[in-house]
Number of protein chains: 2
Amino acid sequence: MTMHLNAFLMGVGHHEAAWRHPLTEPRHVTDLRHFQELATIAERGKLDSVFLADGLALLGNVRHNALGGFEPLTLLAALAAVTDHIGLIATVSTTYNEPFHVARKFASLDHISGGRAGWNIVTSSGAAEARNFGRERPAHGERYQRAEEFLHVATALWDSWEPGAVLTDRGSGVYADTSHIRPIEHVGDHFRVQGPLNIQRSPQGRPLLVQAGSSQDGKEFAAKWAEAVFTAQQTLGDAQEFYADLKGRLPAYGRQPHELKILPGISPVIGGTEREARRLEKELEELIVPAYGLGQLSTMLGVDLTGLPLDGPLPDVEADPDGQQSRVKLIKDLAGRDGLTIRQVIAKLAGGRGHWVVVGTPEQIADQLQEWYENGAADGFNVMPPYLPGGLTDFVEQVVPELQVRGLFRKEYGERTLRERYGLGLAVAS
Amino acid sequence: MTMHLNAFLMGVGHHEAAWRHPLTEPRHVTDLRHFQELATIAERGKLDSVFLADGLALLGNVRHNALGGFEPLTLLAALAAVTDHIGLIATVSTTYNEPFHVARKFASLDHISGGRAGWNIVTSSGAAEARNFGRERPAHGERYQRAEEFLHVATALWDSWEPGAVLTDRGSGVYADTSHIRPIEHVGDHFRVQGPLNIQRSPQGRPLLVQAGSSQDGKEFAAKWAEAVFTAQQTLGDAQEFYADLKGRLPAYGRQPHELKILPGISPVIGGTEREARRLEKELEELIVPAYGLGQLSTMLGVDLTGLPLDGPLPDVEADPDGQQSRVKLIKDLAGRDGLTIRQVIAKLAGGRGHWVVVGTPEQIADQLQEWYENGAADGFNVMPPYLPGGLTDFVEQVVPELQVRGLFRKEYGERTLRERYGLGLAVAS
């Protein structure tokens, strides 16, 4: 088993000013061919999977960024049709969806892709999202209670067609053994679902389950359900602490450490020399629209910073108990560590919204990945290229071979399904 | 303008016994390549579109039929990736979905396909569907009230990004003119939705709107919203009556007759000679599992017929006011016209669940289509091949050329989008 590498696809790049850089074509955020190219590049690099984040409202100020792209499940289905190996991970919320629809769509994507579907489970903390569904913003605990029941229902639906239920006996006219296709009769606090699912058991049985919450509730949820976790970590120490914490929670759920893979995000700014890499970083930084960054920072902190001097210090803010507390802590640590001004914090966050940014040559970046991978900080990485497609191409053509030479990454695809690639068995009905 | 032809794709065929016939491969109901082949065949025939029906429960007895296939939107996104011209029409329910999700997914499919998305709007009358969403089966009128508000919200969301809103001005850092991307602030009986949509205006502005309800509420809804209507009609007279009725309702909504196209379903059983066609019909009929047909008939009538003698008459049943009344009337007319036994009714319905079945040579089938098209019964047809892919191949290779020779069908694709192909302008925000 080598490290896992996931390509986090985001419009024309993760840097918030990527759309202004001449290396990108901002009209591509709604161009299928752009995403087909990205998936193909990732597959050429033998990456585990591609991943699409999601929110259920127009988040961020579209005046200054190339927002408003595809819905993840439809896009990944279209990417499945032009790829053969790469995993396809879509973000879908448990707060504003029905488990029957979600279980069915992932089963459909899994059939379409021949066993390559993954689900990044989110609980949608935003107020703007709630207002698109006639709802008040739900409290943190309530969101996780609903998510818990949602997963129970979804897994029961995936198991409602047992392996071997389909017989296809043309002679006798028996297509399926209906004693192995059963209602789930779920009755709970949030859902009543009869079942069975109206789609046959898919190649993986269920999608790879991915999660990214870093609150206490989020970590417990991950320890129980998740098979891969995306996380934002700025330093080796913090990443090791998170890694040990989360792996340590698994035994309480009867799970082994290898059953959950931890993938910190990394935005690699790659240059042939360190100077070239620094130049690219600076070019992107100079294209930042401060008003946009301030809006993003305000949203992440849950506090409106409009009007504060950009060259003054970040004010001390209290984390909203229903918001993204771990992200607030990360930003405060970041600002405090080096005594950054608001403008400097904005620049630090512009590359990856709080994720780890590594600037350097392919060897330097491989060194950093190796250090984290070999020192209990990561089972792999969520790769967030600053601009696309070039940033992904550089990673695949320059960093991946370096990792392969060091024996840290696969040279060929072996396993048939995404779950198998993550070292998990096919889910079998209990 | 020539007739419109839509390929209604259904597993390995519309005949309920198709999966038992040696011309099909029943495992293909969950095989993407099978559907890619079907879409490619339809595109080779210059058909307007392919269409997927849908239900939100496992409907029909899977013991005796190849059920449990793909979810429509994910499948059509995957088909978009391997086709260039053909329209892609997905069925989605307004009763068990949220307008924000639905508007967004169709906009996404429309971007993915370059302007080829269509939405068949259904209101989900079934009790089994309600039970997968913790709901009681809603009354007929309530379903249509919700559908009406749903369409208001969806169209407002599609229009929430006005044409020209995206500027992509890299120099000044202005991506979009936010005065043209606006909240919709909808507050109604069923929905409260703030908006705007989180995806940019799509090539068509909105999908082609399709509908198939034949109740009074259904016809009024169609007259107001639909741009194409699928309908089940057994005779020229009935089809003419339906056509005149529905077209006659348009002026009340300020619409012209050409703005709504009426497409009766037809299941063409094609043979090189009439005898060959009759033989294929008979082969399929002999593969019918009576228990399956009886279950289907019971569901369509809303009455459990189990235990009644197959060779006795169809009992007189009252249409459930919340069920599919028009389908009940069609079946009663069918049985009454020729004094059919239950077994004979089952055989009549097995080919297309109440749709028109035409058995004969390509010329004979073209004659029938021409007669309906030229005599005020149809603007085109919803083609339901009894078995797949062969039945679609035969239609495309044998019936379509006959229609082309007669000047009744296009020889090449002209228009860029599906809406344009249906003679409709691009939807422009008001």
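Lys105(A) makes a salt bridge with Glu71(B), and the closest N and O atoms sit 3.0 Å apart. A salt bridge here is a side-chain nitrogen of Lys or Arg within 4 Å of a carboxyl oxygen of Asp or Glu. The rule finds 4 salt bridges across the interface of chain A and chain B.

Before going on, some ground rules: this is a predicted model, where local features need pLDDT of at least 70, side-chain atom pairs count only at pLDDT 80 or more, and totals for chains, interfaces and linings use all residues. Residues are numbered from 1 along each chain as its sequence is written, chains are lettered from A and ligands numbered from 1 in the order in which they are written, and side-chain values use heavy atoms, with hydrogens and water left out.

**The interface**

Back to the two chains: 76 residues of chain A are in contact with 76 residues of chain B, contact meaning heavy atoms within 4.5 Å. Between them the chains bury about 6200 Å², 55% of it on carbon and sulfur atoms. Buried area is the accessible area (1.4 Å probe) that two parts lose on being put together, summed over both. In chain A, the residues losing the most area to chain B are Arg104(A), Arg170(A) and Tyr175(A), together 12% of what that side buries.

Polar contacts turn up here too, with 40 residue pairs across the interface, both residues at pLDDT 80 or more. A polar contact is a pair of N or O atoms within 3.5 Å; within protein, one must be able to donate a hydrogen and the other to accept it, and residues adjacent in sequence count only if both atoms are side-chain atoms. On the chain A side, the elements that give two or more residues are α1 (32-44), α2 (72-80), α3 (99-113), β5 (166-169), β6 (174-176) and β8 (192-193). Helices (H or I, at least four residues) and strands (E, at least two) are DSSP runs, numbered from the N terminus. The most comes from α3(A), with 7 residues.

**Symmetry**

Chain A superposes on chain B by a rotation of 180° with 0.0 Å of shift along its axis (RMSD 0.0 Å). That is the relation of a two-fold axis. Ala78(A) is the residue of chain A that comes closest to the rotation axis, at 2.0 Å (C-alpha). The copies meet through the same surface, because 100% of the interface residues of chain A are also interface residues in chain B.

| Cis bond | Omega |
|---|---|
| Gly195(B) and Pro196(B) | about -5° |
| Leu388(B) and Pro389(B) | about 5° |

Pro196(B) lies in the loop between β8 (192-193) and β9 (208-211) of chain B, while Pro389(B) is in the loop between β13 (380-383) and α13 (390-405).

Over in chain A, Thr168(A) has a positive phi near 55° without being a glycine. Thr168(A) belongs to strand β5 and is buried, at 16% relative accessible area. Buried means under 20% relative accessible area, exposed over 50%, and partly exposed in between (1.4 Å probe, protein chains only).

**Around Leu56(A)**

Leu56(A) sits in the loop between β2 (49-52) and α2 of chain A, buried with a relative accessible area of 4%. Leaving aside residues up to four places away in sequence, Leu56(A) touches residues including Tyr96(A), Phe133(A), Phe100(B) and Arg104(B).

Note on methods
Least-squares fit on C-alpha atoms with pLDDT ≥ 70 in both.
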